[in-house]
2 protein chains.
Amino acid sequence: MNGSEAEKDYLQSYQPGDYPSVALTADLVVFAVSGGVLQVALVRRGSHPFKGQLALPGGFVGPMESADDAAHRELAEETGLDLGHLPVHIEQLATYSAPLRDPRMRVVSVAHLVLLATDGTLPDVTGGSDAADAGWYPVYEILTGKRTSLAFDHSLILLEGLNRLAGKMEYTTVGSQLLPGEFTLTQLRTVYEAVWNAPMAPGNFTRKMTPQLEDTGKKTRAAAGGAPAALFRATEGHIHPPLARPRGQ
Amino acid sequence: MNGSEAEKDYLQSYQPGDYPSVALTADLVVFAVSGGVLQVALVRRGSHPFKGQLALPGGFVGPMESADDAAHRELAEETGLDLGHLPVHIEQLATYSAPLRDPRMRVVSVAHLVLLATDGTLPDVTGGSDAADAGWYPVYEILTGKRTSLAFDHSLILLEGLNRLAGKMEYTTVGSQLLPGEFTLTQLRTVYEAVWNAPMAPGNFTRKMTPQLEDTGKKTRAAAGGAPAALFRATEGHIHPPLARPRGQ
DNA sequence: CTTGTAATTGTCAGCTTGATAATTACGAAA
DNA sequence: TTTCGTAATTATCAAGCTGACAATTACAAG
């Protein structure tokens with residue numbers, strides 16, 4: 001290849017202004033299970049538009065970050081969790097780019113699904129710069145509109161995040177990411193019940209899930225009443241055939 | 001809410017320059033099946049970088065377009081297909097935003113999966129502005145690197161597009177989007193074999209798929225040898241349990 | 001030692017699967 | 001028009017899986 005020709009080609013590529021430019025943000029759908037209920041982290045907006053309404057946490061993607069980098073950084077900033085140590089599951093959900101989704105300017109948002117491992121107690125969430133407040137909210141209450149709907153198109157993003165998680169839990173052990181590294185079958189079943197919003201038969205759940213788990217040999221100290229439960233670790237590998245999600249009544 | 005206060009809040013939101021800006025493109029993974037082989041549309045780059053290498057078709061997202069709008073427009077521009085009439089399946093795949101994925105500047109790409117309905121003959125593809133050439137290439141040959149790898153991170157995008165399609169065909173009838181509106185079970189089986197790159201037992205395939213299809217009552221005129229086949233239409237609804245994909249030898 | 005509760009294992013009829021064979025329906029050659 | 005080859009479709013069957021539910025085991029607390 002000719003050097004000067006290559007240089008000429010290179011220089012005539014994209015002139016500034018040839019292309020439309022957008023602001024890129026990373027929004028987070030952060031799930032955790034507490035009290036047998038699936039919860040999502042939301043911030044109350046401190047400025048217009050949608051001032052006072054609940055929204056997903058998020059922020060701009062920096063010039064030398066990927067969207068996934070930004071998602072990790074935002075998560076650390078808003079929860080104060082040490083992500084280098086905690087096993088936190090983050091995966092990209094989808095990108096939302098309707099031209100008028102933010103009335104101020106062109107903002108394209110890459111939504112991410114985040115699963116926080118908790119032992120029943122939710123970590124504090126601190127809103128970002130323009131957030132007045134932040135906290136945990138029950139997903140199914142938010143989605144059924146018992147409370148007011150979310151800012152921007154965040155209700156849709158939350159719904160698609162829930163669908164992604166619920167669907168993936170049919171054929172993977174990703175639900176275990178909402179639990180500590182070692183957990184009992186009852187804890188895992190509780191996660192399924194929280195995400196699917198439906199009860200599961202304990203016996204059949206154990207039978208289907210056990211081959212996907214690695215027995216640590218350890219047992220919990222029995223709670224008030226009941227036998228001690230075995231502690232498991234999740235393994236990789238797809239569940240086939242998948243665990244059937246109870247059909248809507 | 002106080003009008004002047006609201007206005008003040010509004011005006012002090014995002015000043016230009018407060019946020020990093022990026023160029024947004026929509027890239028297409030366009031699949032079609034021909035001769036029992038899964039094919040992908042690729043263009044040969046006419047300019048640097050990666051001049052002369054194969055790449056996915058794509059282009060910039062316009063100021064008043066969503067990424068999905070742009071995907072539709074690009075597809076129409078590069079195939080000349082009348083998308084208003086043809087049933088073409090388009091869905092978002094994922095967004096690629098590594099800071100240096102394009103050596104020239106910050107380009108974030110929203111990849112889309114496109115399924116073209118064909119009757120065995122592939123439509124012409126005409127590259128975009130900076131494409132020297134365009135055509136159809138066998139997916140599995142491209143991915144196994146028998147040919148040189150694709151420009152940018154497009155090999156990865158292609159792989160993830162294939163995985164998305166292959167996975168979704170386990171539990172939906174989306175594969176029928178690669179066929180005309182009415183098709184035979186053998187045609188549909190051929191699509192599965194092309195995408196999964198594995199043979200399927202005809203009898204069991206029929207048994208499993210039939211409940212997901214609507215019989216048109218029509219039959220094909222028998223080809224040279226063999227009985228005429230019934231023509232079906234796809235229906236919605238998930239296949240449960242899913243069709244098992246043959247495990248890698 | 002008894003009781004209550006949770007964990008875990010067992011049972012069973014009915015359904016699904018993979019493998020493979022049998023049957024049916026044509027077009028084309030003899 | 002009979003025979004032959006091939007593809008479509010249906011059938012068979014043992015093995016595995018499922019949902020529903022019962023039985024057993026293991027603790028803690030009274």
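**Note on the A–B interface and DNA strands C and D**

1. Across the interface of chain A and chain B, 13 residue pairs, both members at pLDDT 80 or more, are found in polar contact, a term for a pair of N or O atoms within 3.5 Å, where within protein one atom must be able to donate a hydrogen and the other to accept it, and residues adjacent in sequence count only if both atoms are side-chain atoms. On the side of chain A that touches chain B, α1 (3-11), β1 (21-34), β5 (89-96) and β6 (107-115) of chain A each supply at least two residues; helices (H or I, at least four residues) and strands (E, at least two) are DSSP runs numbered from the N terminus.

2. The model is a predicted one, in which local features need pLDDT of at least 70 and side-chain atom pairs count only at pLDDT 80 or more, while totals for chains, interfaces and linings use all residues. Residues are numbered from 1 along each chain as its sequence is written, chains are lettered from A and ligands numbered from 1 in the order in which they are written, and side-chain values use heavy atoms, with hydrogens and water left out.

3. The contact between the two protein chains (heavy atoms within 4.5 Å) takes 42 residues from chain A and 42 residues from chain B. The area buried between them is about 3,700 Å², with carbon and sulfur atoms giving 63% of it; buried area here is the accessible area, for a 1.4 Å probe, that two parts lose on being put together, summed over both.

4. By class, the side of chain A that touches chain B has 26 nonpolar, nine polar and seven charged residues, where Ala, Val, Leu, Ile, Met, Phe, Trp, Tyr, Cys and Pro count as nonpolar, Asp, Glu, Lys and Arg as charged, and the others, Gly among them, as polar.

5. Strand β1(A) and strand β1 (residues 21-34) of chain B run antiparallel and are joined by three bridges, strands being taken to pair if DSSP finds at least two bridges between them. In this pairing A:V22 stands opposite B:V22 in β1(B).

6. DNA strand C is surrounded by 19 residues, the closest being A:G226, A:A230, B:N204, B:R207 and B:K208, where near means that a heavy atom of the residue lies within 4 Å. A polar backbone atom of A:G226 is 2.6 Å from a base oxygen of DNA strand C, a backbone N or O atom of A:A227 lies 3.5 Å from a base nitrogen, and a polar side-chain atom of A:T186 is placed 3.0 Å from a phosphate oxygen. The largest share of this surface, three residues, comes from α6(B).

7. Around DNA strand D there are likewise 19 residues, of which A:R207, A:K208, B:T186, B:G226 and B:A230 come nearest, and sugar and phosphate account for 59% of the atoms of DNA strand D that come within 4 Å of the protein. The side chain of A:R207 has an N or O atom 2.7 Å from a base nitrogen of DNA strand D, whereas A:K208 places a polar side-chain atom 2.9 Å from a phosphate oxygen. For this surface, α6(A) gives the most, with three residues.
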